[in-house]
Amino acid sequence: MGRVNTEVDTDQEADPVSTDQASGFDEALRERLASGVDVARSAVEEFATDGVGEHLGSVVEAPFTTTHRFASDLAGYRGWYWACVLALVPGGEVTVDEISLLPGPGSVVAPEWVPWEKRIRPGDLGAGDLLPPAEDDERLVPGQLLTGDDELDEVAGPVGLGRPRHLSREGRSAAAARWAAARGPDSEIARGAKHHCGSCGFLLPISGSLGAMFGVCANEYSADGQVVHLQYGCGAHSEVQVATESTAPATEAYDDAAVDVVVLPQQLAASAARARGAAEAQDQAGETGRAITPDQV
């Protein structure tokens with residue numbers, strides 16, 4: 001019957017091939033191929049057994065051939081269609097050349113294939129999993145080559161680290177970019193912090209060139225065990241202090257035994273009247289020559 005093709009890049013909208021009298025592909029052959037709907041349907045139903053829908057039309061994609069399309073009713077293949085290619089040569093019979101299940105406009109298709117090594121994401125590695133590095137992994141260089149880290153290169157030879165490969169300059173740069181993005185000076189918590197990790201007593205320094213930018217946090221209430229940028233910061237810095245009052249503010253004492261003397265207007269008027277009476281009595285005494293005591297007023 002031919003082979004079955006499910007390639008998604010098959011040409012679905014090819015222009016009809018013009019009649020070529022020289023090759024013998026004339027209108028009569030085109031008409032016989034276009035009318036071979038039943039032949040195409042029988043071939044597709046024989047192969048698919050079910051899921052063959054209505055006839056969607058035909059198109060000439062190459063000389064001596066015509067592609068008939070049928071809607072696909074298969075579960076999970078919404079928008080796909082069956083394509084049956086019929087062939088016919090002068091003096092021959094209509095034959096089935098190919099049967100394909102192809103995606104149509106708006107169909108659901110699988111995403112573009114991605115190699116497994118590019119699908120791995122941080123955190124995917126579990127217990128018992130093996131993740132070998134690629135042969136051309138730019139993050140690693142052979143142990144006998146210089147790494148670009150002056151401190152490491154200085155001691156690698158005499159000490160003999162025993163590692164066949166070391167971290168390359170590209171590997172360190174990639175690690176620094178990841179660490180700075182996670183716990184760097186541009187993070188929200190660092191922008192709101194008063195102090196930075198570079199002056200924190202909980203910071204554990206690391207060796208090598210990356211030690212000039214990063215350290216490991218040893219504060220269990222912060223980024224414990226995580227690599228942090230020296231300009232990163234949080235509210236658990238070793239020098240954070242909260243202002244406190246040493247003594248309670250003194251309160252003003254209230255003397256409930258104190259008495260305020262208040263002179264009423266009536267008393268002032270009475271005192272003024274007595275003073276005037278005493279003055280008049282003194283005037284009368286001066287005229288008569290006889291003294292008048294205050295009780296007589």
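## Talking through the fold

Me: Is Ile206 buried, partly exposed or exposed, with its relative accessible area of 28%?
Reply: Ile206 has a relative accessible area of 28% in this predicted model. Buried would call for under 20%, and exposed for over 50%. The 28% of Ile206 lies in between, so the class is partly exposed.

Me: Which residues does Ile206 touch, leaving aside neighbours within four places in sequence?
Reply: Start with where Ile206 sits: in the loop between β8 (203-205) and β9 (214-217). Val216 is 10 residues away along the chain, yet the two C-alpha atoms are separated by 7.2 Å. Once the sequence neighbours are set aside, the contacts of Ile206 are Gly211, Phe214, Gly215 and Val216.

Me: And Gly51, is that one buried or exposed?
Reply: Gly51 belongs to the loop between α2 (37-48) and β2 (52-59). Its relative accessible area is 16%, and the cut-off for burial is under 20%. Gly51 therefore counts as buried.

Me: How far apart in space are Gly51 and Trp82, C-alpha to C-alpha?
Reply: In sequence they're 31 residues apart. Gly51 still touches Trp82, along with Ala71, Ser72, Asp73 and Leu74, if you don't count residues up to four places away. From C-alpha to C-alpha, Gly51 and Trp82 are separated by 9.3 Å.

Me: Which residues make the nonpolar surface patch of about 390 Å²?
Reply: Leu125 is a handy way in, in the loop between α3 (116-119) and β6 (140-142). The patch as a whole is made by Trp116, Ile120, Leu125 and Leu131.

Me: Which residues gather in the patch of negative charge on the surface?
Reply: Take Glu170 to begin with, a residue of helix α5 (residues 169-182). Its relative accessibility is 44%, so Glu170 is partly exposed. The patch brings together Glu135, Asp136, Glu138 and Glu170.

Me: What part of the accessible surface belongs to carbon and sulfur atoms?
Reply: The protein has 297 residues, and 27% of them count as buried. Its accessible surface comes to about 20900 Å². Of that area, the part belonging to carbon and sulfur is 53%.

Key. Residues numbered from 1 in each chain as written. Predicted model: local features only at pLDDT ≥ 70, side-chain atom pairs only at ≥ 80, totals over all residues. Heavy atoms only, no water. Patch = residues over 30% accessible without salt bridge, like charges linked within 9 Å, V, L, I, M, F, W, Y side chains within 5 Å. Areas by Shrake-Rupley, 256 points an atom, 1.4 Å probe, with all protein chains shown as cover. Salt bridge = Lys/Arg side-chain N within 4 Å of Asp/Glu carboxyl O. Lys, Arg positive; Asp, Glu negative; His and termini not counted. Charge placed at Lys NZ, Arg CZ, Asp CG, Glu CD. Helix = DSSP H or I, 4+ residues; strand = E, 2+ residues; numbered from the N terminus. Buried < 20%, exposed > 50% of the residue type's maximum accessible area, 1.4 Å probe, protein only. Contact = heavy atoms within 4.5 Å.
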